[in-house]
Structures are given as structure tokens and as C-alpha cells.
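User: I am learning how charged side chains pair up, and I would like to work through an example step by step. Could we look at one together?

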Amino acid sequence: EARDCHNQYLWTATGLAHWLSLHEDHPRAQETRDALEKVLDFWFSQNGEDGSSPYMQSDPYLRGVTPYYFSRCIAFAWYVMEKAQLLRSDREARLMTAARFLAKLLKRDGTKEMALEAKRYYFWGRSEAGSHPYDIYVFWKMFEQTGDNFWVDAATLSLKPKIHIRDSGLL
């Protein structure tokens with residue numbers, strides 16, 4: 001039975017993908033790769049055409065966007081695709097669409113709009129910083145794909161709430 005708490009099964013998939021990258025000759029390597037491919041395909045099937053991803057499709061109260069978990073899902077999926085050698089142009093295009101949606105969640109101060117959070121009971125404040133390392137990874141991957149400095153700016157903006165960056169650029 002498929003479970004749809006996306007960040008959890010994608011996070012698990014990162015460990016399997018890393019194992020696979022180290023054990024390509026293992027008798028269960030192909031079985032593991034096939035399972036990882038199913039994980040990716042399931043997550044992509046749950047995403048909107050705009051790149052958005054629900055926290056949980058099966059729960060009527062948690063079907064919305066989750067700014068906190070969303071970048072984790074993108075980062076985990078990208079990592080799995082690379083480690084398990086499952087890169088395909090259609091999947092990369094879906095991740096790029098998801099990254100563009102993620103960038104739209106950033107506010108000018110580098111925080112994300114938490115009023116959109118589907119799992120609102122978990123967050124009492126207006127902002128959070130736990131997801132920003134994943135945001136930065138996704139924005140770096142986008143820069144790698146596109147060469148567009150927008151993604152460097154997005155990563156810098158996402159880093160800003162955690163550290164003080166002086167006007168000179170020094171930390």
C-alpha cells in the first residue's frame with residue numbers, strides 16, 4: 001500500500017540511493033533501483049503541473065502546500081536520481097518546475113510564506129529556518145542546470161535569515 005507522506009519516503013530513498021551508489025554489483029541492486037524509480041514516479045504523480053506538491057494527498061486537511069517540507073522533497077528526489085543513476089530529462093524538467101514554485105514561496109527577507117503551510121499545527125510562528133538548507137541545495141542544482149544567476153540570488157536570499165550578511169558581502 002502506497003503511503004504519501006512524501007518527505008518521509010523520499011528521505012528514506014536517499015539512504016537506499018547512496019547504498020546503491022556503493023553497491024552497484026550487489027545481487028539486489030536492480031531491485032533497489034526499480035524500487036527507487038517507483039518512489040520517484042509516485043511522488044511526481046502527486047505533484048501539480050505548477051510544480052507544487054501536497055504534504056499528504058490522502059488526508060483532506062493536509063493536501064495543501066507545505067513550504068517547510070517542499071524543498072526537502074525536491075532535494076531528496078534530485079539526490080536519489082543522481083545517486084541511483086535515474087536521471088531523465090522529463091524528471092529533471094519536473095524538478096525544475098518544482099524549484100520555480102519553491103522560489104515563489106520566498107519573501108523579500110528570505111523567509112518563506114508560512115501562512116500557506118498545510119501542516120500549520122506544527123508551526124506557530126510566521127517563519128521557520130529548518131528548511132533553508134534544502135532550499136539552498138535546490139537553488140544550487142537549478143544554477144547548475146541553467147547557469148542563471150537568479151538561483152544564486154535565491155540561495156543567498158534563503159541564507160540571509162540565518163546569518164548577518166553585511167553590505168560589503170562579509171559574514
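**Salt bridges in a predicted model**

User: Which residue forms a salt bridge with R28, and how far apart are the closest N and O atoms?

Analyst: This is a predicted model, and in it the partner of R28 is E31. R28 is partly exposed, with a relative accessible area of 47%, and E31 is partly exposed as well, at 45%. The closest N and O atoms of R28 and E31 are 2.8 Å apart.

User: Is R33, which forms a salt bridge with E24, buried or exposed?

Analyst: The closest N and O atoms of R33 and E24 are 2.8 Å apart. E24 has a relative accessibility of 32% and counts as partly exposed. For R33 the relative accessible area is 13%, and because buried means under 20%, R33 is buried.

User: Which residues are linked with R88 in a network of salt bridges?

Analyst: R88 forms a salt bridge with D90, where the closest N and O atoms are 2.8 Å apart. R88 is partly exposed at 34% relative accessible area, and D90 counts as partly exposed at 41%. The network of salt bridges that includes R88 also links E37, D41, D90 and R91.

User: How many salt bridges does the structure hold?

Analyst: The pairs discussed here include R28 with E31, R33 with E24 and R88 with D90. Counted over the structure, the number of salt bridges is 9.

Methods:
Residues numbered from 1 in each chain as written. Predicted model: local features only at pLDDT ≥ 70, side-chain atom pairs only at ≥ 80, totals over all residues. Heavy atoms only, no water. Salt bridge = Lys/Arg side-chain N within 4 Å of Asp/Glu carboxyl O. Buried < 20%, exposed > 50% of the residue type's maximum accessible area, 1.4 Å probe, protein only.
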